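Hello,

Here is the structure I said I would pass on. My notes on a pocket and a sheet follow below it.

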Amino acid sequence: MRWSIKSQFHGIKWIKQLESTKEGCHGSFVSSTGLDANNNAPDAFFVIHSKLYRVDYKWSVECLGSVDTGSYPTFAETGGERPFLLIADGSNLFYYNLKEGGSLHYINLPDRINEQGMKIKPTHVQVVSGSIIVNDSGSGYAYYSIPYPLSQETRQVYKIVNGEVQYKSDHITPETETVQSDQYVFFDDYGTPLYKNGESNSDAINALYAIGSNLIVFGPKSIEFWQRGDAEQYQTWVRTSYTFNREIGLDSPKSVSSVNNSVCFVSNGMNAGRAVFAIVGTEFQKISETWLDEILDNSDTDNAIGFAYSRSNHAFYGLYIPNAQNKRSRTFVYDFSTKQWAERSSRNFKTGRDSAWNLIYPICDLPLSQE
């Protein structure tokens, strides 16, 4: 059942199979708008068996292309007049036009700093004030764009020869050239890549998450909060808050998920053992209980996956641990309304039997058509 999506209508649970495979769903996202602008009905996107599917409000299914599922893919929306869906899969960065449709397209990634010929490998993508930000799992740096880099198909940049700006015959006016926007996303007008590292003892960046104008920058030893500079200084970032080095850091990059403007994650446990934290604003709240902390301490949490869903005015953070205590997969959910944890299991749709420790995900709030 892990290759299915489900929703709920008048108390009835609906299941729709997207692909006949036992391969699990590796990622999901519900956009703010859809290709069919029926009352701005959203589209849902699912990565299953290396393929990206779009599902509209009528449950019509379209395969958009293939991605790498070696990493748990992350999603973001660009907003603006030309909204795009962005997907980082651990190897590449793709974009899809939410209003015009079509297929997946590649965004040209810059070479890794001080490692020419080696492209960055983004596992997380976010958007703040129109700027696209990705991390690089190899170097621990973050790379970012100018605001709304895909708003036009082409872009004017300075003509550079041997690292020098070329000028017209008056020796004052710079020469420019036209480039494809998706080939120049992470470069300034001089062709220089835009990048930044963590400032807390130069901590590596292993995950990103944006809430409004705040970009939460996760590292294994610290967590920072960044905001963009003003319009004239758009290439700058301002660190507004941070955890002290080695106080709280991120243990499981795939565990990061947002629930009602709170960001939950599994911490590294350098001071007090592994635990689940929620970030509210810039405040950190430990939400896991001692028994769960002990399970995390005795589990391989590298591939733990965090997800979120809501039902009946209750919002939940789910944590799937594929190789938990006693080597069995387990899933735990936290109810933000009751502030209590529960263990989640799945029921086989055909036999009606409980299948302990297996996770049916994702849980999608895509509206179900009444037609």
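**Largest pocket**

The volume of the largest pocket is about 1,200 Å³. A pocket here is an open set of points on a 1 Å grid over the protein atoms alone, where a 1.4 Å probe fits, with protein on both sides within 12 Å along at least five of seven lines; the volume is the space filled by probe spheres set on the points, which are joined across faces, edges and corners. This is a predicted model, in which local features need pLDDT of at least 70 and side-chain atom pairs count only at pLDDT 80 or more, while totals for chains, interfaces and linings use all residues. Residues are numbered from 1 along each chain as its sequence is written, and side-chain values use heavy atoms, without hydrogens and water.

The lining (residues with an atom within 4 Å of a point) comprises 50 residues, and Ser-28, Tyr-209, Val-256, Ser-257 and Ser-258 lie nearest the pocket centre. Elements that give two or more residues to it include β3 (25–30), β21 (207–211) and β30 (314–321); strands are DSSP runs of E, at least two residues, numbered from the N terminus. The most comes from β29, with five residues.

**Sheet**

β21 also belongs to an open, antiparallel sheet of four strands, ordered β21-β22-β23-β24. β21 and β24 (237–242) are at the edges with a single partner strand each, so one side of each has no neighbour in the sheet. Strands count as paired if DSSP finds at least two bridges between them. β22 (residues 214–218) and β23 (residues 223–228) pair over four bridges, and Phe-218 has Ile-223 in β23 as its bridge partner.

Regards
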